[in-house]
Amino acid sequence: MYFSSDYIQLKIDARDWQESLRLAAVPLLKHGDIDKAYIENMIDAVKTLGPYIVIAPGLALGHARPDKSVRNTAIAIATLDHPVNFGSSTNDPVDIIVVLAAKDNNSHIVLLQKIVALLNQEHGFELIRGAQTQTDKEKIAQLLTE
């Protein structure tokens with residue numbers, strides 16, 4: 001699995017949940033992993049199904065069904081300068097966005113396991129929320145590639 005600190009953005013400023021997903025996905029666009037259509041697919045899924053992507057307090061796992069808008073299975077992580085609401089009655093507001101792009105129905109499983117393992121570590125959420133420097137980003141990237 002390829003993952004680097006280039007896929008992590010810290011303290012981005014988003015006005016709302018749609019913009020938070022758009023901005024969090026920028027590294028995936030920049031590296032050619034997804035097309036812009038994938039971002040709109042993620043947003044449309046939330047509009048249709050509700051805030052199901054808000055899977056833990058303060059954490060949204062943005063994703064959409066695999067399709068031709070995904071070139072490579074990849075993830076990007078962003079922390080928000082100001083939390084945004086997705087409409088989740090139990091887990092809003094969100095300040096960590098993980099965008100998962102899957103090329104098919106199976107290739108993303110390892111990535112998902114690595115994210116879960118990182119977040120399940122003692123202080124995993126705090127590590128991401130507290131990240132402020134390039135060194136912090138590199139530490140997170142290292143933990144996701146171990």
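1. In this note, buried means under 20% relative accessible area, exposed means over 50%, and partly exposed lies in between, all with a 1.4 Å probe and protein chains only. By that scale Arg15 is exposed, with a relative accessible area of 71%, whereas Glu19, at 17% relative accessibility, counts as buried. The side chains of these two residues, Arg15 and Glu19, meet in a salt bridge at 3.6 Å, N to O; a salt bridge here is a side-chain nitrogen of Lys or Arg within 4 Å of a carboxyl oxygen of Asp or Glu.

2. The structure is a predicted model, in which local features need pLDDT of at least 70 and side-chain atom pairs count only at pLDDT 80 or more, while totals for chains, interfaces and linings use all residues. Residues are numbered from 1 along each chain as its sequence is written, and side-chain values use heavy atoms, with hydrogens and water left out.

3. On confidence, pLDDT is the predictor's confidence in each residue, on a scale from 0 to 100. The protein chain has a mean pLDDT of 93, and 99% of its residues reach 70 or more. Helix α4 (residues 109-120) is where confidence is lowest, at a mean of 84, and α1 is where it is highest, at 98. Helices (H or I, at least four residues) and strands (E, at least two) are DSSP runs, numbered from the N terminus.

4. Helix α3 (residues 36-49) has 14 residues and reaches 20 Å from its first C-alpha to its last, close to the 20 Å expected at 1.5 Å a residue, the expected span being 1.5 Å times one less than the number of residues. Its buried residues are Tyr38, Ile39, Met42, Ile43, Ala45 and Val46. Seen down the axis of α3, these buried residues fall within an arc of 150°, so they line one face of the helix; the arc is that of the directions from the helix axis to the C-beta atoms. The face turned away from the buried side of α3 carries the exposed residues Lys36, Lys47 and Thr48. The buried residues of α3 pack against α1 (17-24), α2 (26-30), β3 (59-62) and β5 (94-101), contact being heavy atoms within 4.5 Å. After α3 comes Gly50, whose phi is positive, near 90°.

5. Helix α4 has 12 residues and reaches 16 Å from its first C-alpha to its last, close to the 16 Å expected at 1.5 Å a residue. Leu111, Ile115, Leu118 and Leu119 are buried in α4. They cover an arc of only 95° around the axis, which puts them on the same side of α4. The buried residues of α4 pack against β3, β4 (74-84), β5, α5 (124-130) and α6.

6. Glu40 forms a salt bridge with Arg22, the closest N and O atoms being 3.1 Å apart. This pair links distant parts of the chain, with Glu40 in helix α3 and Arg22 in helix α1, 18 residues apart. Glu40 is partly exposed, with a relative accessible area of 32%, and Arg22 also counts as partly exposed, at 36%. Arg129 forms a salt bridge with Asp95, the closest N and O atoms being 2.7 Å apart. Since Arg129 lies in helix α5 and Asp95 in strand β5, the pair ties together parts that are 34 residues apart in sequence.

7. Lys137 is buried yet has no salt bridge, and the nearest side chain of opposite charge, Asp6, is 6.1 Å away; Lys and Arg count as positive and Asp and Glu as negative, while His and the chain ends are not counted. Leaving aside neighbours within four places in sequence, Lys137 is in contact with Ser5, Ile8 and Leu10.

8. Some backbone details remain. A cis peptide bond, with omega about -5°, joins Asp92 and Pro93, and Pro93 is placed in the loop between β4 and β5. Lys11, in strand β1 (residues 8-12), has a phi near 55°, a positive value in a residue other than glycine. His123, in the loop between α4 and α5, likewise has a positive phi, near 70°.
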